[in-house]
Amino acid sequence: MKKPPDLVKRLFSRRTGKRLLVSMAALFLAFLFLNWIFPLPDRIEYSTIITDSRGEVIHAFLTSDQQWRMKTDLSEISPLLRRTIVEKEDKYFYYHPGINPFAMVRALFKNGWRMRRTSGASTITMQVARALEPKKRTYWNKLREIFRALQLEWKYSKDEILQMYLNKVPYGGNIEGVKSASIFYFSKNPDHLSLAEITALSIIPNRPSTLVPGKNNDLIVEERNKWLREFAREKVFSEREIADALKEPLTAVRGNAPHFIPHLAWKLKKQGTGDIIRTPIELNTQRKIEKLVKDYSRQLALKNIHNAAVIVINNATHQVISYTGSADFKDTTDGGQVNGASAVRQPGSTLKPLLYGLCIDEGLLTPKMVINDVPVNYQGYAPENYDRKFRGYTTMEFALEHSLNIPAVKSLKMLGKDKLIGKLAVCDFGQVRKDQKKLGLSMILGGCGATLEELTGLYSVFANEGIYYRPVYRIDDTMQVRKERYGDTAVHVRHGGGQRILSPAATFMINETLSKVNRPDFPLNWESTMHLPKIGWKTGTSYGRRDAWSIGYNKRYTVGVWIGNFSATGVPELSGASVATPLLFTVFNTIDYDDDQPWYSQPKDCDLRIVCSETGLPPADHCTNLVTDYFIPLVSPSKKCDNMQEVMVSPDEKISYCRLCAPPSGYKKKLYKLIAPEMKEYFEENGIAFQQIPKHNPQCEKVFREGGPVVVSPANGNEYLISKKDPEPLQLRCRVSNDVAKVYWYINNKFYRSTPAGSRQFFIPEEGPVKISCTDDKGRNRDVWIRVRYVNL
């Protein structure tokens with residue numbers, strides 16, 4: 001029995017459809033299998049480029065294959081650029097699956113009819129595939145190209161494929177990609193190109209060896225105008241747009257790659273932060289400061305000072321807007337390629353403001369509190385002031401203004417070095433974090449390592465009410481937080497976000513001190529103070545006069561200046577005040593000229609009180625010299641001034657009594673100033689008269705139990721190395737109370753000599769352990785032990 005014809009047709013149609021579906025499924029599975037076996041070689045190495053705050057390229061690096069291949073972001077593909085390229089290269093780009101079958105059939109027919117290649121069928125996707133995997137033009141390689149095009153369409157969006165095309169298209173020589181061509185030939189980003197410029201760039205890849213900008217501009221214009229007229233016929237652009245493009249001259253020549261901010265560019269590239277590194281650098285400000293640094297360094301060369309570095313931070317955004325690592329990057333004679341901004345150097349006195357701020361927050365000091373500036377010795381460490389002089393009684397603010405070393409060391413001793421190290425670690429002081437176990441009291445005078453980057457970031461704390469923000473070198477910097485421990489102090493280190501270092505009150509007090517102009521570190525030869533904005537600043541000079549620092553700030557900017565020699569050669573004329581500060585002031589006058597912004601106002605947690613000028617403490621009944629002082633309520637010392645003591649003395653004021661030995665009658669009471677033994681010694685050495693408490697009643701037994709002498713030299717527990725050939729004697733020195741006139745020295749329990757209190761004696765000890773005893777005229781005794789070793793020196 002025969003089947004009806006319509007039934008046969010339906011069965012045949014169903015079978016054909018099934019076979020077609022099976023074939024398509026098989027092809028699709030085959031494609032997936034081949035896609036898995038032969039993955040797409042889509043990795044493209046781009047030139048690392050650095051952009052400024054406006055997105056302009058200011059530095060670029062060659063790829064490993066020595067190509068200029070700058071990545072064009074999707075955001076830089078303007079509608080005009082996309083429209084022009086697609087219209088010229090592949091009108092149906094957004095409609096086909098990577099290959100255009102109709103174009104392939106047309107090209108096959110034309111080329112076969114004319115027996116030569118007269119028409120191409122490569123889509124933009126196929127051109128990308130060819131650029132990713134260059135091969136000779138053969139039929140087999142064309143099939144491979146088609147497969148790769150399908151892989152690209154499977155993996156990427158159309159815009160991403162267009163981006164890859166624009167990044168790989170050749171422009172002759174070692175220039176690849178529309179962004180590289182735009183930068184080299186037109187000195188602008190691709191999203192700023194005109195229609196005429198885009199069209200000119202679109203035709204060069206077809207003949208990169210004969211259409212060379214700068215050499216064949218007339219020929220390029222001729223070819224460009226042909227395509228512009230074609231666009232007009234196709235009505236791709238308006239008549240006016242075409243007319244303007246036809247009139248536009250072509251002045252393209254191959255320029256050089258931009259190489260601004262070389263030190264920062266290399267630093268960021270080494271960090272491996274991507275193909276496009278976006279910085280907040282303000283190029284106009286950068287170029288001004290580079291010129292200032294270069295000109296100023298030329299003047300200093302006469303003093304054998306050859307290098308300088310400057311960093312500028314915008315305090316509102318915390319972004320580094322200028323970064324100069326040396327006076328001249330191209331100067332090979334004086335190491336111009338060394339990055340002075342990131343080099344670890346001795347910071348001198350630049351850490352003192354932070355120390356005093358921490359002491360204020362810990363309730364140890366206020367600006368008017370008195371610190372004794374006299375010789376000290378901490379287990380053999382005996383710091384000195386820069387001029388080797390001592391001031392006796394000084395206030396904290398005076399010590400900071402004059403950058404005195406002894407008060408700073410005493411303050412660090414009170415605070416504890418671990419607290420200072422912990423705060424510096426929060427502020428990203430890498431070398432301090434690394435050396436934390438080795439650091440001692442000398443770190444406050446420069447006995448540690450720091451960079452200009454770190455110090456400038458630290459001083460931005462004072463500009464931001466005590467909060468530290470990590471300086472932003474890349475616009476896409478993100479915040480990270482981690483917990484770390486420094487000695488006995490645990491801190492949360494926040495990277496990118498704000499971390500409080502000082503209270504607003506302590507910050508304000510330090511700002512008030514650092515903004516005073518009647519200071520010894522104000523440069524005498526500075527002539528442009530009339531329009532200088534109000535700033536706070538601090539100078540520093542490292543040991544051996546190898547580094548000069550001056551770091552300043554106001555509400556808008558924080559500026560760090562380092563001057564010295566990369567060879568670490570010391571120069572007698574090098575100091576922060578006389579060498580670095582003039583450049584600091586010049587920079588501020590350049591970037592913030594005649595700024596009239598108000599200075600920092602007194603915060604709510606800061607108040608004023610009356611204190612005794614002799615101690616800086618709240619006055620007692622006997623205090624007559626009073627001044628005002630800032631303080632933090634419930635934090636600052638509230639103990640009343642106790643520098644005067646009521647003493648019972650004989651009518652002739654030659655003998656003093658205590659409560660245990662005072663007679664029933666026949667004495668009077670008198671106020672005497674309490675003078676510490678170290679101050680008594682200072683007064684005696686400098687011939688300064690002071691009122692002494694009369695000699696205590698010799699019949700009193702209490703004198704044998706309290707107030708014994710303190711042996712200052714030699715230091716207890718130390719080992720002393722003495723030359724066998726030329727032995728030098730050791731000094732005997734002690735500090736005694738106000739009522740002691742004579743002391744007696746014993747060496748290994750044998751009497752050595754009696755001397756007036758405060759005088760110095762010398763002796764040559766025996767080798768081995770040595771016991772040294774000091775007894776005052778009240779019979780009070782103090783022993784110390786040292787070890788002596790004779791060596792061949």
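Biologist: Before we start, what do you mean by buried, exposed and partly exposed?

Modeller: Buried means under 20% relative accessible area, exposed means over 50%, and partly exposed is in between. Keep in mind that this is a predicted model.

Biologist: Fine. Where does E362 fall, and what is its relative accessibility?

Modeller: E362 has 43% relative accessibility, so it counts as partly exposed.

Biologist: Which side chain does E362 meet in a salt bridge?

Modeller: K419. The N to O distance for K419 and E362 is 3.2 Å. K419 is partly exposed too, with a relative accessible area of 34%.

Biologist: Where do K419 and E362 sit in the chain?

Modeller: K419 is in helix α16, residues 417-426. E362 is in the loop between α13 (352-361) and β8 (370-373). The two are 57 residues apart, and the pair links distant parts of the chain.

Biologist: What about E453 and K267, how far is N from O there?

Modeller: 3.4 Å, in a salt bridge between the side chains of E453 and K267. E453 lies in helix α18 (residues 452-463) and K267 in helix α11 (residues 262-270), so this pair ties together parts 186 residues apart in sequence.

Biologist: Is E453 buried or exposed?

Modeller: Buried. Its relative accessible area is 13%, and the cut-off for buried is under 20%.

Biologist: And D65, which residue does it bridge to?

Modeller: R69. The closest N and O atoms of D65 and R69 are 3.1 Å apart. D65 is partly exposed, at 39% relative accessible area. R69 counts as buried because its relative accessibility is 4%.

Biologist: How many salt bridges does the count come to?

Modeller: 44 salt bridges.

Biologist: Which residues are linked in a network of salt bridges?

Modeller: K410, E678, E681, E685, R733, R735 and R760 are linked that way.

Biologist: New topic, helices. At what angle do α8 and α9 pack?

Modeller: About 110 degrees, with the axes 9 Å apart. That makes α8 roughly perpendicular to α9. Their crossing is right-handed.

Biologist: Which residues of α8 and α9 meet?

Modeller: From α8, L195, A196, T199, A200 and I203. They meet I220, E223, R224, W227, L228 and F231 in α9.

Biologist: How does that contact divide into nonpolar, polar and charged?

Modeller: The residues of the α8 contact with α9 comprise 8 nonpolar, 1 polar and 2 charged.

Biologist: Remind me, which residues do α8 and α9 span?

Modeller: Helix α8 covers residues 195-203, and helix α9 covers residues 217-233.

How values were computed. Residues are numbered from 1 along each chain as its sequence is written. This is a predicted model: local features need pLDDT of at least 70, side-chain atom pairs count only at pLDDT 80 or more; totals for chains, interfaces and linings use all residues. Side-chain values use heavy atoms; hydrogens and water are left out. Axes are lines fitted to C-alpha atoms, for helices over the stretch in contact, and angles run from 0 to 180 degrees between N-to-C directions. Helices (H or I, at least four residues) and strands (E, at least two) are DSSP runs, numbered from the N terminus. Angles under 35 degrees count as roughly parallel, over 145 as roughly antiparallel, 65 to 115 as roughly perpendicular and the rest as oblique. A crossing is left-handed if the near helix is turned anticlockwise from the far one by less than a right angle, and right-handed if clockwise. Contact means heavy atoms within 4.5 Å. Ala, Val, Leu, Ile, Met, Phe, Trp, Tyr, Cys and Pro count as nonpolar, Asp, Glu, Lys and Arg as charged, and the others, Gly among them, as polar. A salt bridge is a side-chain nitrogen of Lys or Arg within 4 Å of a carboxyl oxygen of Asp or Glu. Buried means under 20% relative accessible area, exposed over 50%, partly exposed in between (1.4 Å probe, protein chains only).
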